[in-house]
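Here is a brief report for someone meeting this structure for the first time. Keep the view open while you read.

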Amino acid sequence: MTDPLALDPILAPLERSRPAFNDDDLSHDERFAAFEAHVLAGGKVEATDWMPDEYRTAVLRFVEMHANSELMGVLPEREWLMRAPTLRRKLALTAKVQDEVGHAQLLYRVAEDLGKPREAMFDDLLAGKTKFHNVFHYPTVGWADVGMIAWLVDAAAIVAQQALRDSSYAPYARTMRKICWEESVHIMHGRDVVVTMATGTAAQRAAIQDALDRWWGPLMQMHGPRSPREKDRDLHWRIKAKTSEELRQEFLSIYVPRIRELGLVIPDGALAWDGAIDAWRYGEPDWDELRTVVTNHGPMSQSRLDFRRVNREETRWVRETILGVAVAA
Amino acid sequence: MTDTPPELQPWEVFRQEKDGDPMRHGGSVMAPDAELAVHYARELFGRRQESVRLWVVRRVDVLDLSDPDLLQPPLDRSYKKPGGYVMRDKLAAARAQSGQAKPKARPG
Amino acid sequence: MNSASLPTVALGHLLGSMADDEFVIGFSDSEWTGIAPLLEEDVAMSSLAQDEIGHAAALYGLLGELTGADPDALAYDRDPDEYRHARLLDHGRGDWAMTIARRYLYETSDAVRLEALIGGAWPPLAQLCAKLVREERYHLMHINAWFVRLAAAHGEPRDRLVAALEALSADASTVFTPLPGERALLDARIQAAPMAELEARWRAAIAPTFEAHRLTMPPAATSPTKGREGHGAAFAWLWGEFNQVRRSEPGAVW
């Protein structure tokens with residue numbers, strides 16, 4: 001059953017009073033002030049509204065990186081589609097990876113409607129001008145990775161995505177609601193694979209622990225370094241609602257107990273709940289590694305971008321003759 | 001079919017979740033023509049059996065009305081809405097005059 | 001039809017060949033997930049591939065009921081030369097034109113095969129095929145849309161389609177390879193007509209499209225009885241892929 005909130009109409013709701021920032025007779029500064037007041041008061045922005053350049057740029061960058069991440073995130077799991085060991089796992093994994101492609105479509109559509117053509121976004125991704133999330137720069141070495149990614153990487157992502165369901169940019173918020181509903185199935189699939197292996201043969205249990213050992217570092221880096229709330233422009237514009245640290249703490253609170261109940265050992269001796277500060281303490285993530293990886297120097301960054309580049313060339317003839325290329329929105 | 005390359009454009013997709021529900025906007029797909037637009041709409045908004053009906057229409061064919069002067073004109077229109085008819089005090093006066101209590105929700 | 005008179009061996013051949021067809025084409029086409037020409041088309045092709053795997057699962061399931069075997073074991077745990085899918089499906093996905101050409105030949109063949117089974121005298125198969133026919137309507141819509149677009153376009157798309165059909169021509173009709181025990185299925189009225197006749201119906205069905213687009217019809221099969229054997233290197237690669245995890249821990253639960 002779809003969450004009805006995912007399906008609000010694209011036309012502005014009738015309860016909105018006249019937004020001053022859409023008034024062409026006002027000066028830029030007046031429009032900016034009206035827009036900022038609107039957003040800070042919880043008001044929503046649609047694709048057809050006037051926006052200050054700073055807001056439009058910030059939303060586009062945020063959505064584009066998210067779209068890129070869904071697109072690149074397909075690749076680590078895709079090679080295991082051909083190796084799924086049962087009919088049901090084959091169906092589940094294919095559907096999951098298909099969903100990531102679908103999410104890329106939804107997010108690139110949001111970005112396209114902000115004015116940037118899809119092909120231009122692919123150009124920038126392949127040229128390294130725009131980024132994708134750190135976790136998708138790492139190799140997958142076995143079926144255990146498939147389970148671990150579908151469970152914990154998707155879990156960390158959904159913690160972030162749930163916090164975006166009330167974004168000030170309404171098309172993005174609506175997309176997030178649809179994506180969150182679809183992602184919940186992925187986490188169940190991932191957890192099922194992990195639990196099955198964790199209670200399986202000795203080799204399967206060892207493979208799961210090994211996968212956790214390799215993925216824990218990137219997972220802890222995934223939400224980003226701590227940064228003060230006041231300095232975060234994406235928070236200011238209500239594009240997002242929670243800080244990196246809030247997301248990381250939420251992820252730990254939900255998933256550390258679930259990891260431990262399987263008898264798995266989290267490879268961070270410093271990880272512990274501290275009741276005095278009502279938060280998790282943990283070993284400092286390697287922020288240098290994060291920086292290196294997201295600037296496309298991760299273990300799989302170049303090979304995955306190369307793969308996309310080659311594949312894009314191989315299918316170019318279909319777009320140029322049959323499907324067509326989009327004109328700018 | 002001609003030689004000029006087709007143009008991808010956005011098609012809006014409306015969906016009905018179950019029998020009797022209103023059509024609600026779901027999102028949009030890029031497609032070069034109606035036949036593929038319908039396919040892609042089914043994929044993005046119906047592959048999980050989550051819809052019983054879809055409407056697919058070119059974005060350029062959707063007429064957008066959002067002018068506040070037309071939809072939210074400034075003068076009072078409360079006579080068109082239930083909230084424009086507040087009778088509490090008048091009913092209290094009528095009951096006092098007739099000596100009747102406020103009717104119960106159910107008769108008897 | 002009581003179980004004593006059910007031609008189990010012949011049914012096993014038929015179900016096995018259909019299940020293997022769907023399994024192989026589903027696995028092969030699922031490779032497009034994430035790399036199709038357009039994101040929207042990517043989602044579409046992935047759904048089609050998932051449908052094929054789902055159909056395979058249902059067919060292996062029915063075969064499993066007949067033989068007492070586990071569907072996953074039927075799907076995975078055989079040597080490459082024991083698979084009985086049509087050689088048409090040994091061709092890898094290739095470029096987009098090859099995938100479309102292969103799918104067109106397969107889906108149109110499968111439609112004729114299913115049509116010959118939906119009125120059959122063994123209800124489990126007849127009912128399953130009736131469900132498959134309903135799902136296949138979507139597949140036929142998709143493949144007709146693409147086949148016609150490539151065939152009618154000038155230059156590269158048409159050239160690639162023609163080249164793909166040429167590469168597939170020797171194996172184009174192998175879905176209709178006669179199976180051992182066909183006589184028993186005909187006598188039991190489980191299958192409405194022999195494969196040779198179904199192939200003729202298929203040719204008649206696709207001829208108008210080929211003619212309208214000035215395409216050469218696929219030739220008659222060179223070795224009609226061997227169309228489901230001798231699978232070659234491309235399938236050997238696919239077999240290695242889909243068995244890689246499963247054989248890493250034989251007997252493990254995944």
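## Helix α9 of chain A

In this predicted model, helix α9 of chain A has four buried residues to look at: A:Leu247, A:Arg248, A:Phe251 and A:Leu252. They pack against two other elements of chain A, α5 (143-162) and β2 (279-281). An α-helix has 3.6 residues a turn, so residues three or four places apart point the same way.

How far apart are the end C-alpha atoms of α9(A)? The helix covers residues 244-260, which is 17 residues. At 1.5 Å a residue it should span 24 Å, and the end C-alpha atoms are 23 Å apart, which agrees. Still, α9(A) bends by about 30° at A:Ile254. A proline, A:Pro257, follows within four residues of that point.

## Chain A as a whole

Chain A holds eleven helices and three strands. From the N terminus, the order of its elements is α-α-α-α-α-α-α-α-α-β-β-α-α-β.

A compact globule of 329 residues would have a radius of gyration near 20 Å; chain A has 21 Å, which agrees. The C-alpha trace of chain A spans about 70 × 60 × 40 Å along its principal axes. Of the 329 residues in chain A, 44% are buried. Take the contacts in chain A with a separation of 6 or more: residues 24 or more positions apart account for 73% of them.

## Chain C as a whole

Chain C has nine helices and zero strands. Its pattern along the sequence is α-α-α-α-α-α-α-α-α.

With 254 residues, a compact globule would have a radius of gyration near 18 Å. Chain C has 18 Å, which agrees. Its C-alpha trace spans about 60 × 45 × 30 Å along the principal axes. Buried residues come to 49% of the 254 in chain C. Among contacts in chain C with a separation of 6 or more, 75% come from residues 24 or more positions apart.

## Where chains A and C meet

How many residues does each chain bring to the contact? Chain C brings 37 residues and chain A brings 36. On the side of chain C that touches chain A, five helices each supply at least two residues: α2 (39-67), α3 (71-76), α5 (123-152), α6 (156-168) and α9 (232-243). The most comes from α2(C), with ten residues. By type, this side of chain C divides into 20 nonpolar, seven polar and ten charged residues.

## The largest nonpolar core

The largest nonpolar core has 161 residues. Those that touch the most other members are A:Met148, B:Val29, B:Ala41, C:Ile100, C:Ala101 and C:Leu150.

Take C:Ile100 from that group. Leaving aside neighbours within four places in sequence, C:Ile100 is in contact with C:Ile143, C:Trp146, C:Phe147, C:Leu150 and C:Leu161.

## A glycine in a loop

C:Gly92 sits in the loop between α3 and α4 (96-115) of chain C. Is C:Gly92 buried or partly exposed? It has 15 other C-beta atoms within 10 Å, so C:Gly92 is partly exposed.

Which residues does C:Gly92 touch, not counting those up to four places away in sequence? They are C:Ser28 and C:Ala234. C:Gly92 and C:Trp237 are 145 residues apart in sequence, yet 9.7 Å apart in space, C-alpha to C-alpha.

Technical notes: Residues are numbered from 1 along each chain as its sequence is written. Chains are lettered from A and ligands numbered from 1 in the order in which they are written. This is a predicted model: local features need pLDDT of at least 70, side-chain atom pairs count only at pLDDT 80 or more; totals for chains, interfaces and linings use all residues. The expected span of a helix is 1.5 Å times one less than its number of residues. The bend at a residue is the angle between axes fitted to the seven residues ending there and the seven starting there. A residue is buried if 20 or more other C-beta atoms lie within 10 Å of its own, exposed if 12 or fewer, and partly exposed in between; C-beta atoms are placed from the backbone. Two residues are in contact if their C-beta atoms, placed from the backbone, lie within 7 Å. Ala, Val, Leu, Ile, Met, Phe, Trp, Tyr, Cys and Pro count as nonpolar, Asp, Glu, Lys and Arg as charged, and the others, Gly among them, as polar. A nonpolar core is a set of buried Ala, Val, Leu, Ile, Met, Phe, Trp, Tyr and Cys residues joined through C-beta atoms within 7 Å. The radius of gyration is taken over C-alpha atoms; the globule rule is 2.2 Å times the number of residues to the power 0.38.
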